[in-house]
Amino acid sequence: MLKISLSRLEELFAAIAEKQTLYIPSDRADGAAEFTKWEPGKALTQKLNTLRSAKDFFFPQTENIVDFKMEGKNIQVIDQRSEHEDFVIFGVRPCDARSFTILDKVFLSEPVDSFYKNRRDHGTVVTMACSRPAETCFCGTFGIDATEPEGDAACWSDGEDLFIKANNDKGQAFIDSISSLLEEGDTAKLDQVKAKTKEILSRLPLANLSTAAFGGDTLNEHFNSEKWAELSESCLGCGTCTFVCPTCQCYDIKDFNTGNGIKRFRCWDSCMYSDFTKMAHGNPRTSQLERFRQRFMHKLVYFPANNNGEFGCVGCGRCLSKCPISMNIVKVMKALEVK
Amino acid sequence: MQEAMIKRAKELLADGSVKRVIGWKRGEFAYDITPAVFESAEELDKDFVFDDFTSANVSKYLVKESKKEGKVLVFLKPCDTYSLNQLTKEHRVDRDNIYVIGIPGGPKLDIEKIKAKGITGILSVKNDNYTLKIDTLYGEETMPFSEAILDKCASCKSKKHVTYDELIGEDGDVLDSDRFDMVEKLENMTAQERYDFWREQLSKCIRCNACRNVCPACTCEKCVFDNPNSGVENKAASDSFEENMFHIIRAFHVAGRCTDCGECSRVCPQNIPLHLLNRKFIKDINSLYGEYQAGADTTSRAPLTDYTADDCEASIVHERGAE
């Protein structure tokens with residue numbers, strides 16, 4: 001497999017950044033990792049994953065989609081779309097890489113979301129295999145192999161070298177663009193690292209978490225479960241889980257009156273919020289129980305029902321770490337699977 | 001302590017004194033504790049937990065729970081009792097329908113501080129004479145208890161329970177804390193430095209509203225920021241300053257009512273030190289109107305909703321702004 005010494009990462013990043021804008025996960029002042037634009041001297045984080053997911057690259061929290069300008073009796077419609085620049089996201093973890101596949105199913109199915117597609121077409125996802133999974137990880141539950149990441153191109157580290165392999169044409173074009181820095185390398189040590197990681201993955205506290213009790217055909221059973229009352233009892237109704245989640249994709253459209261026109265924004269929304277999917281008569285889900293249920297039913301029942309059995313979760317564990325009251329999809333699954 | 005709490009809760013459930021118990025429920029790991037309502041001895045035995053990670057302030061749940069039929073038992077740490085008093089003062093809870101058992105406070109642990117040391121794959125955390133022994137998937141790790149203390153506990157203002165019906169353990173005193181040190185540091189910065197500090201911090205905000213929703217002082221039936229008809233609902237931030245304004249406005253809204261329980265900063269997924277905004281208000285109120293601690297009692301008039309001839313004049317804004 002092609003490789004480059006880890007000591008030459010800076011050189012590699014510089015070579016990528018020369019051609020395209022490069023984003024890498026790096027540590028910010030408070031110690032948390034986040035994707036930031038690479039510039040000389042910016043180092044790759046040692047943390048397992050970024051605090052926020054990588055979905056912002058394709059589905060930003062807020063985007064101005066169209067403006068309307070009033071001039072007398074005329075309304076001018078100003079399309080805010082422009083061809084996105086080419087960019088590379090380096091170091092995406094296997095869970096987050098899978099989240100793009102899930103988002104694709106929503107935004108790239110008919111009618112195609114041109115804002116999302118524009119960014120997706122111009123972005124190259126370079127993934128990084130995991131070697132130190134956390135106790136909150138459960139990507140295996142959703143069929144993700146943390147040692148064999150998806151994405152356009154995939155990377156592995158054996159502690160000395162960074163190995164890289166293309167998963168598709170876009171990934172191959174990316175590797176070709178940096179091929180002068182790469183050399184063929186022996187993967188014997190990497191294979192050992194992978195085997196060790198697999199062994200750890202099998203011992204994770206959530207390694208046995210199963211989706212067997214869920215799926216598109218379990219709607220009535222789960223929707224009507226009495227357990228939602230207890231599960232949702234202490235939910236604060238905040239949007240933390242939704243906003244750190246790599247697969248939550250619901251959005252709202254907001255118009256701002258500029259005085260002589262309208263600026264229209266698309267922004268992330270949360271089913272936990274009281275004004276979610278607000279219609280003329282209000283929010284169809286009037287209680288926090290219903291809002292809470294919606295989020296988990298979407299991921300475990302409705303999404304697979306509409307997407308050939310694929311679940312709307314990748315097991316990244318962010319909601320497990322960040323929910324202010326530590327209620328999360330794992331606790332919900334474990335409670336609901338007991339008949 | 002946990003055993004004594006469970007025992008007493010069972011007694012009060014059994015003799016009909018209370019119908020429900022608010023406490024903390026154990027999770028999947030050593031640290032992911034969820035506030036919960038228990039209704040039976042079996043539930044208490046199975047899941048009730050009180051340990052170094054039970055830091056959540058459960059007093060806000062009383063807004064809802066105290067209005068249900070039958071008395072509710074709640075276990076409150078000293079800091080949590082200030083929140084309950086403030087809620088009582090604002091007529092947001094039915095205090096007569098609440099039975100408070102005061103329990104010892106922290107210091108509680110912050111799992112994020114343990115993880116920040118690079119410790120991962122955490123299977124258990126044991127406090128061995130103030131050294132944390134942490135069993136992980138990658139072997140055993142140790143670190144001093146003192147380095148994993150939650151920020152809100154590190155600057156604890158009081159070990160005194162300001163309201164309770166009975167105590168388990170002993171009551172403590174109001175403490176001399178260093179909680180205004182960082183506020184002073186910020187005050188001593190130049191306006192530009194201070195602006196830069198807050199811009200960096202507040203720009204991390206993802207508007208999840210966790211700070212607002214956990215805040216015992218934020219109990220409006222409908223928050224103005226959730227009301228699409230208010231004109232200020234800003235789920236979509238039209239510029240990078242909107243999140244900043246949200247936090248500043250919220251701090252104004254809870255000024256004089258915030259007890260400094262520290263939950264806002266504890267739950268912030270982006271590690272924004274929101275409590276510093278509240279502490280600035282508390283410090284200013286103390287210096288401009290005389291020492292005042294929100295939640296210390298249920299009857300006194302709060303400085304910002306009271307008038308005395310000694311109140312500072314509006315010109316104070318002008319004078320201080322010139323500093």
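**View 1. The right-handed crossing of helices α10(B) and α12(B)**. In this predicted model, α10(B) and α12(B) cross in a right-handed sense, the near helix being turned clockwise from the far one by less than a right angle. The axes of α10 (residues 242-254) and α12 (residues 275-289) of chain B, as lines fitted to C-alpha atoms over the stretch in contact, come within 9 Å and cross at roughly 40°, and the two helices are therefore oblique to each other, that is, neither under 35 degrees, nor over 145, nor 65 to 115. H247(B), I248(B), A251(B) and V254(B) of α10(B) meet L277(B), N278(B) and F281(B) of α12(B), where contact requires C-beta atoms, placed from the backbone, within 7 Å. These residues comprise 5 nonpolar, 2 polar and no charged.

**View 2. The two domains of chain A**. Domain 1 covers 2-58 + 82-203 and domain 2 covers 216-249 + 270-337, with C-alpha centres 28 Å apart. In the contact between them, 21 residues of domain 1 face 18 residues of domain 2, and the domain 1 side divides into 11 nonpolar, 5 polar and 5 charged.

**View 3. The contact of chain B with chain A**. Chain B contributes 32 residues and chain A 40 residues. On the chain B side, β2 (34-38), β5 (122-128) and α9 (210-214) each supply at least two residues, and β2(B) gives the most, with 4 residues. The chain B side divides into 20 nonpolar, 8 polar and 4 charged.

Residues are numbered from 1 along each chain as its sequence is written, and chains are lettered from A in the order in which they are written. Local features need pLDDT of at least 70 and side-chain atom pairs count only at pLDDT 80 or more, whereas totals for chains, interfaces and linings use all residues.

Methods: Axes fitted to C-alpha atoms, helices over the stretch in contact; angles between N-to-C directions. Contact = placed C-beta atoms within 7 Å. Nonpolar A, V, L, I, M, F, W, Y, C, P; charged D, E, K, R; others polar. Domains from an automatic or database assignment.
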